[in-house]
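Please look over the structure below before reading on. The notes take up its disulfides and its aromatic pairs.

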Amino acid sequence: FLHVPLPSVPPPTPPSLHTCQGLAPCLPEEGQVNTFGPRLFLATPHPASSSSAAMDRIFSTLLLSLLLLLQSYRVCGTPPQPRGTLCRTKPTDLVFIIDSSRSVRPHEFEKVKVFMSRVIEGLDVGPNSTRVGVINYASAVKNEFSLKTYQTKAGLLQAVRKIEPLSTGTMTGLAIQFAISRAFSDSEGARVRSPNVNKVAIIVTDGRPQDGVQDVSARARAAGIEIFAIGVGRVDMHTLRQIASEPLDDHVDYVESYSVIEKLTQKFQEAFCVVSDLCATGDHDCEQICISTPGAYKCACKEGFTLNNDGKTCSACSGGSGSALDLVFLIDGSKSVRPENFELVKKFINQIVDSLEVSDKQAQVGLVQYSSSVRQEFPLGQFKNKKDIKAAVKKMAYMEKGTMTGQALKYLIDSSFAIANGARPGVPKVGIVFTDGRSQDYITDAAKKAKDLGFKMFAVGVGNAVEDELREIASEPVAEHYFYTADFRTISKIGKKLQMKICIEEDPCECKSIVKFQTKVEELINSLQQ
């Protein structure tokens with residue numbers, strides 16, 4: 001233990017177009033990941049009430065992605081297949097600064113260790129790439145291991161598993177000072193400050209510090225360390241903002257409990273990834289369209305073509321008129337959603353409706369809201385055009401009260417998809433369930449029955465939603481039909497997973513071109529964000 005006295009980057013670049021073998025523009029699926037300068041990640045709680053603007057962006061991306069999902073029922077050909085992977089991490093000096101005060105219970109501390117391990121697993125570890133150290137703190141600071149101690153990923157992961165909590169006070173400022181003076185020093189294995197080497201510290205804490213953090217955090221940032229703050233449970237947000245770098249929206253994260261901290265892993269893995277744009281360099285084998293992803297690529301086809309089973313070549317389509325679809329939204333209207341968020345859900349349901357071909361022979365839309373009871377807002381086929389559907393969605397009143405998801409699923413089976421309520425025989429049935437909390441009733445039987453009946457079920461959870469329940473609701477393969485995020489701001493990650501789904505037509509060429517649709521949605525997302 002060492003007591004140290006305390007003295008009295010741009011956002012990710014947007015997608016860009018690349019020429020793929022001179023045949024068609026590439027449509028990058030995700031923007032390039034920004035490679036930051038020296039960084040300090042601080043894990044501390046974020047307020048439960050996210051800003052309306054942030055949530056606006058979150059729900060727009062989520063629901064527009066659901067729109068992509070629904071349109072994929074009419075997409076020409078199989079979805080783009082992953083064809084290459086090349087993701088390297090920029091040379092980084094990374095130090096985890098972990099709060100293990102008495103408020104962090106032993107089983108919760110184990111969750112922090114899992115989080116650290118998952119981040120490390122996504123890094124290129126080595127003396128010339130990423131070096132990792134861990135500082136454990138409470139009332140005092142313990143240097144678990146320094147940047148020079150382990151040069152292999154296996155050694156780091158084994159050392160993390162052996163860390164034990166200290167179980168005393170919360171001297172966050174002391175820990176940051178130790179990081180500046182010792183952890184990032186040459187003697188501990190840190191490299192000379194350079195634009196080519198990131199200096200990163202990830203601090204995880206769940207309480208109010210017992211010392212000052214403003215001045216020492218300013219010194220850390222001045223030393224070229226970029227600070228990211230992740231908070232758990234009850235935390236003083238003012239303190240977090242004093243610690244974190246600008247912009248605060250990108251540098252302060254919050255999870256409700258240690259049980260969900262692991263969900264932030266992807267954010268940090270992507271932050272360390274140096275993107276190699278294989279579409280731009282020509283290092284791909286796509287016949288027509290190359291779609292860039294961070295460190296990888298996928299192949300797709302131009303409008304009028306379908307992607308072959310090899311995932312890279314295309315065949316001409318003979319054309320078609322698309323397919324019919326019965327879609328029912330099952331929306332959680334419980335008290336925890338809050339009125340302002342409920343309005344956002346309504347707004348973006350209408351964004352999906354805008355992109356559907358609504359008619360007796362094509363898409364029909366139904367809407368059900370549930371809380372302590374279930375209320376059908378309107379059945380399938382009641383409204384014959386987008387204008388009337390959107391007007392009905394806008395008029396939907398917020399129910400509040402409880403969360404009876406099981407009862408809502410049973411209603412979906414017994415009523416929403418019944419012929420008497422407008423459902424059409426032989427037409428694919430799709431249910432999209434949105435929830436933000438644990439169900440107060442039993443869902444297993446109803447969830448199983450919906451899938452047994454052939455309904456395509458998608459489960460989307462936010463915040464306190466229970467992942468086991470989401471998996472029960474989702475169709476197979478579960479990984480493609482259930483989505484969860486602990487933080488509203490990270491829900492955009494869900495959107496990317498929802499973009500590519502298989503076509504239900506026997507003849508895939510009867511589906512619309514995904515290339516044309518992706519371009520349209522990219523433009524819509526950009527306009528919403530503006």
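1. A disulfide, meaning a pair of cysteine sulfur atoms within 2.5 Å, joins Cys 286 to Cys 299, with S to S at 2.0 Å. The angle about the S-S bond is -80°, and the link of Cys 286 and Cys 299 is left-handed.

2. This is a predicted model: local features need pLDDT of at least 70, side-chain atom pairs count only at pLDDT 80 or more, and totals for chains, interfaces and linings use all residues. Residues are numbered from 1 along each chain as its sequence is written, and side-chain values use heavy atoms, with hydrogens and water left out.

3. How many disulfides does a search of the whole structure find? The search finds two. Besides the link of Cys 286 and Cys 299, a disulfide joins Cys 301 to Cys 314, again with S to S at 2.0 Å. The link of Cys 301 and Cys 314 is left-handed, with -90° about the S-S bond, and both cysteines are buried.

4. Rings of Phe, Tyr and Trp (its six-membered ring) pair if their centres lie within 6.5 Å; planes under 30 degrees apart count as stacked, over 60 as edge-to-face and the rest as tilted. By this rule there are six aromatic pairs. One of them, Phe 342 with Tyr 398, is stacked, at 4.9 Å centre to centre and 25° between the planes.

5. Phe 342 is buried, with a relative accessible area of 0%. Tyr 398 is also buried, at 18%.

6. Phe 115, Phe 228 and Phe 268 form one aromatic cluster.

Conventions
Buried means under 20% relative accessible area, exposed over 50%, partly exposed in between (1.4 Å probe, protein chains only).
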